[in-house]
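Thanks for making time this morning. I would like to walk you through one structure, beginning with a sheet, then going on to the core and finally to the charged pairs.

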Number of protein chains: 2
Amino acid sequence: MYEGVVADLIEELGRLPGVGPKSAQRIAFHLLQADSEDVTRLAEVLLQVKARIRFCDVCGNVSEEERCRICRDPRRDPSVICVVEEPRDVVAIEKTREFRGLYHVLGGAISPIDGIGPNELRIRQLMGRLASDQVTELILATDPNLEGEATATYLARLVRPMGLRVTRLASGLPVGGDLEYADEVTLGRAFEGRRLIDV
Amino acid sequence: MYEGVVADLIEELGRLPGVGPKSAQRIAFHLLQADSEDVTRLAEVLLQVKARIRFCDVCGNVSEEERCRICRDPRRDPSVICVVEEPRDVVAIEKTREFRGLYHVLGGAISPIDGIGPNELRIRQLMGRLASDQVTELILATDPNLEGEATATYLARLVRPMGLRVTRLASGLPVGGDLEYADEVTLGRAFEGRRLIDV
């Protein structure tokens, strides 16, 4: 349906997550009619990303330097480490402004079906940090799904001998959501974790 | 929230049509973790698109040569020209395999509010083709909205003296749709254009 380079562009765009064939076509035609500078800028930033982005030596978050912005920040509390699966989880938590400690990015969750065991994750590096640092609390913020829960349980057992406070983020009803639309598991968790109201 | 080049990437991706901040972030993290070759290939195809794509001298469709694939094809019927707004409309019509004539891409529709009048569209080129070619039918396939209808009416009046058969694509209920979900204008058009059933 398309000639040479337009077909290539639509194919490459269609590989991106969340971009279906219709969106790829729409973006391609937008780019065909966009200013040359705009398209060149996008192409250049793509090339720079791969050249300049690396992962933080300490926590595994994306970074342009050996240590990421958060690990370099002296105002962060080094006694609390929050364990997440992916760099985008760090961003989600940072947006809440609720957490002032440091992170540890595992690079995924334990998932035997995908061939991902503890050795494929940055667990050895985490153990190293716990051994040498002044950490008192480990917050397990892996995803609230099967793989995330398994990973949290695995880590909780692994660090138990170290005598740390190990916590897990609360599960429950999403704020602003409708009770009737919550799935049974979430609703069950919300009951389990119910809290006394102070009046 | 993001450092240098990651922020740049998310910003550039967010400029693409249909890509909101969440999608931009998701695509960016996908690219950060993707193979270098994949990202380089996307960047290169973006640069090539701007270098190699031009618009067909005859019909205004996207092309890598002076004349596009359709205008070069000797099997296409040069007696019928289908007028569309954008190159992506050509693709949509080609997919139906219903049309074997040639196209003329206007590059938009008349829209005084956006400052687009007849002179901003490829109407002069269309008149040139109608004067010199053996065209017998002009199909006005501009969008079925205010601007598209205005453009179709304008063109129909303009070419009236040439004695061509001028047609407009049918409006009506979308096939596979639900009558109750059709808007009033579409339903009204469907009544207006109702056809006798041959039994």
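A:Val84 has its bridge partner in E4 of chain A, and that partner is A:Val105. Please keep in mind throughout that what you are looking at is a predicted model. The two strands involved are E3, residues 77–84 of chain A, and E4(A), which pair in the parallel sense over five bridges.

If we step back to the whole sheet, it is an open one of four strands in chain A, with the order E4-E3-E5-E6 and parallel pairing. Strand E4 (101–105) and strand E6 (165–168) of chain A stand at the edges, and because each has a single partner strand, one side of each is left without a neighbour in the sheet. On average, and ignoring direction, neighbouring strands here are turned by 25° against each other.

Two helices of chain A lie across this sheet. Helix H6, residues 123–132, lies across E3, E4 and strand E5 (137–140), and runs at about 150° to E4(A), while helix H7, residues 146–159, lies across E3, E5 and E6, and runs at about 170° to E6(A).

Now to the largest nonpolar core, which has 46 residues, and in which A:Leu13, A:Leu31, A:Leu46, B:Leu13, B:Leu31 and B:Leu46 touch the most other members. The elements that give two or more residues to this core are helices H1 (4–14), H2 (21–33) and H3 (36–52) of chain A, together with H1 (4–14), H2 (21–33) and H3 (36–52) of chain B. What is A:Leu13 in contact with, once its neighbours within four places in sequence are left aside? The contacts are A:Val19, A:Ala24, A:Ile27, A:Ala28, A:Leu31 and, from the other chain, B:Leu42.

That leaves the charged side chains, where the structure holds 24 salt bridges over all chains. One of them joins A:Arg15 to A:Glu12, with the closest N and O atoms 3.5 Å apart; A:Glu12 counts as buried, because its relative accessibility is 9%, whereas A:Arg15, at 45%, counts as partly exposed. Both residues belong to a network of salt bridges that also links A:Glu11, B:Asp38 and B:Arg41.

In chain B, B:Arg52 forms a salt bridge with B:Glu64, the closest N and O atoms being 3.0 Å apart. This pair links distant parts of the chain, since B:Arg52 is in helix H3 and B:Glu64 is in the loop between strand E2 (62–63) and helix H4 (69–72), 12 residues apart. B:Arg52 counts as partly exposed at 39% relative accessibility, as does B:Glu64 at 23%.

Note on methods: Residues are numbered from 1 along each chain as its sequence is written. Chains are lettered from A and ligands numbered from 1 in the order in which they are written. This is a predicted model: local features need pLDDT of at least 70, side-chain atom pairs count only at pLDDT 80 or more; totals for chains, interfaces and linings use all residues. Side-chain values use heavy atoms; hydrogens and water are left out. A nonpolar core is a set of buried Ala, Val, Leu, Ile, Met, Phe, Trp, Tyr and Cys residues joined through side-chain atoms within 4.5 Å. Buried means under 20% relative accessible area, exposed over 50%, partly exposed in between (1.4 Å probe, protein chains only). Contact means heavy atoms within 4.5 Å. Two strands pair if DSSP finds at least two bridges between them. Axes are lines fitted to C-alpha atoms, for helices over the stretch in contact, and angles run from 0 to 180 degrees between N-to-C directions. A salt bridge is a side-chain nitrogen of Lys or Arg within 4 Å of a carboxyl oxygen of Asp or Glu.
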